[in-house]
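This briefing covers selected backbone features and helix contacts of one model. Please read it alongside the sequence and the structure.

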Amino acid sequence: MAEAALPVRLGFARRPPPGLAWAAPGLRPGWSEAGQQIPLPLAEGALAAGGRAMAALDPAAAGLALDLRGLGAGLALDVLSGAVLRAAEPAKPRPLRRRLVALADDPAALRAAWAARWPELRGNLLARRLVAAPANRLTPRAFVAALSGLRGHGLRVEVLDRAGIEQAGLGLIAAVGRAAASGPYLVTLALPPDPAGRAPIAFIGKGVCFDTGGICLKPAEGMETMRADMAGAAACAGAMLALALRGARGAVAVLPIVENAIGADAYRPGDVLASGSGRTVEVVDTDAEGRLILADAMHYARTRFAPRAIVDVATLTGSIVIALGRHHAGLFCNHAGLRAALLDAAARVGEALWPMPIGQSHREDLASEIADIKQCAPAGSGAWGGRLLPDACHAAAFLESFAGDLPWAHLDIAGVDLAPPEEEAGEEPHPLAAPGMPTGFGARLLAALDVSAAP
Ligand SMILES: [Zn+2]
């Protein structure tokens, strides 16, 4: 799979070339040619303004002149970034790649600033492209091949296949991936080590290329979106690409890549699985596979890389969408400094996180009679009955128990990996992605972390 290219034909100029639509903040004199004129309302934020201008562009237009003259350098760069991101068409067989001309008082300076920003956007676009790929094309094997292609950017890539996973004792990943024709794999992407000798920060991403739910089969309605159940792994890969292109050091990504399929050898509710850490897990619901593969990946990261902190990213639970909707990802964290660093990075890139709790009762709900821990709370627990409503908190409590005493954060991105679909009432269209399309959420956020300084 070819890596994401710039989704527009980008130019920089002092004066607008003829024949393009024109987007400008406010109404500004000095433009005489008749053509589509698009307002650039900066109040919602510069990234969103650029995205909305691109979304408003007439489908038949040759391109857009984005008037950034008179704006501060940071503001201009954000507007331009928003327009470029919104122009991405990762699922289109024939993307338009229209012209985008950034008008600036000093085009050379904006071009130089753009070159420094591009790695972060390229990471986001890689994540979107991976998420957009359907599961018959992005099989676990194909995903691993795409990740192996990142070697060319200075990332060290290691791959454990099924035999390697079993040999390493990663019984949770082995069980979840057992019934699929392809996989399971465990892929690690590593930047060069920190020159000061600090331990790396480890990103863990859920890479379920397709999630049927397993024997606890999902309903058919909406199941097609389960091709996006690897968005956490894609976000981590995008962040690692951005960091590598910027020459950063001291981060690793550990990505369990599986398909949660149905078959004669599929794992079952009621099974007791041995995890890599040695603790046993009672399976309650085969559709809660994400926390299982993440737990083994966290254990592998700890023993293989001795990281100083772990951040996992996963489309983990439906209940986080019920709690937070489609504008915030859930942030669960056991460390104040790491929480602050993530919230700061999230604010800088405009990918919103909202802190969520793990209570003692969530931990106690996972007590098992037949194993060291239960994978989900039993049906009937929680104020409303059923295990679905507080499931995001129970999932986080499960993962937390595999983090040990390490600073750890978990981003549940199940509501924000795809832009809200057109038919979803009461939602503003996503400013940076077409309706229903991947957002690449998490790639820019993790790339914005100062990996050499973050706790
Ligand atoms: Zn599932």
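The model is predicted.

**Positive phi**
- Arg97 is not a glycine, yet its phi is positive, near 45 degrees.
- Arg97 sits in the loop between H2 and strand S5 (99-103).
- Ala306, also not a glycine, has a positive phi of about 40 degrees.
- The loop that holds Ala306 runs between H8 and strand S13 (309-314).
- Ala306 counts as exposed because it has 11 C-beta neighbours inside 10 Å.
- Gly404, which follows H12, has a positive phi near 60 degrees.

**Cis peptide bond**
- Gly183 and Pro184 are joined by a cis peptide bond, with omega near 0 degrees.
- Pro184 lies in the loop between helix H6 (171-176) and strand S7 (185-190).

**Helices H1 and H2**
- The axes of H1 (residues 46-56) and H2 (residues 73-86) are 6 Å apart and form an angle of about 40 degrees.
- H1 is therefore oblique to H2.
- Their crossing is right-handed.
- On the H1 side, the contact includes Ala46, Leu47, Gly50, Gly51 and Met54.
- On the H2 side, Leu75, Asp78, Val79, Leu85 and Arg86 are among the residues that take part.
- By class, the contact of H1 with H2 has twelve nonpolar, four polar and two charged residues.

**Helices H8 and H12**
- H8 (residues 289-305) packs against H12 (residues 391-403) at an angle of about 15 degrees, and their axes are 9 Å apart.
- This angle makes H8 roughly parallel to H12, because angles under 35 degrees fall in that class.
- H8 and H12 cross in a right-handed sense.
- H8 contributes Arg291, Leu294, Ala295, Met298 and His299, which meet Ala395, Phe398, Leu399, Phe402 and Ala403 of H12.
- The residues in the contact of H8 with H12 are eight nonpolar, one polar and one charged.

**Helix H12 itself**
- Eleven of the 13 residues of H12 are buried, so the helix is mostly covered.
- Among the buried residues of H12 are Asp391, Cys393, His394, Phe398, Leu399 and Phe402.
- The end C-alpha atoms of H12 are 19 Å apart, which agrees with the 18 Å that its 13 residues should span at 1.5 Å a residue.

Key:
Residues are numbered from 1 along each chain as its sequence is written. This is a predicted model: local features need pLDDT of at least 70, side-chain atom pairs count only at pLDDT 80 or more; totals for chains, interfaces and linings use all residues. Axes are lines fitted to C-alpha atoms, for helices over the stretch in contact, and angles run from 0 to 180 degrees between N-to-C directions. Helices (H or I, at least four residues) and strands (E, at least two) are DSSP runs, numbered from the N terminus. Angles under 35 degrees count as roughly parallel, over 145 as roughly antiparallel, 65 to 115 as roughly perpendicular and the rest as oblique. A crossing is left-handed if the near helix is turned anticlockwise from the far one by less than a right angle, and right-handed if clockwise. Two residues are in contact if their C-beta atoms, placed from the backbone, lie within 7 Å. Ala, Val, Leu, Ile, Met, Phe, Trp, Tyr, Cys and Pro count as nonpolar, Asp, Glu, Lys and Arg as charged, and the others, Gly among them, as polar. The expected span of a helix is 1.5 Å times one less than its number of residues. A residue is buried if 20 or more other C-beta atoms lie within 10 Å of its own, exposed if 12 or fewer, and partly exposed in between; C-beta atoms are placed from the backbone.
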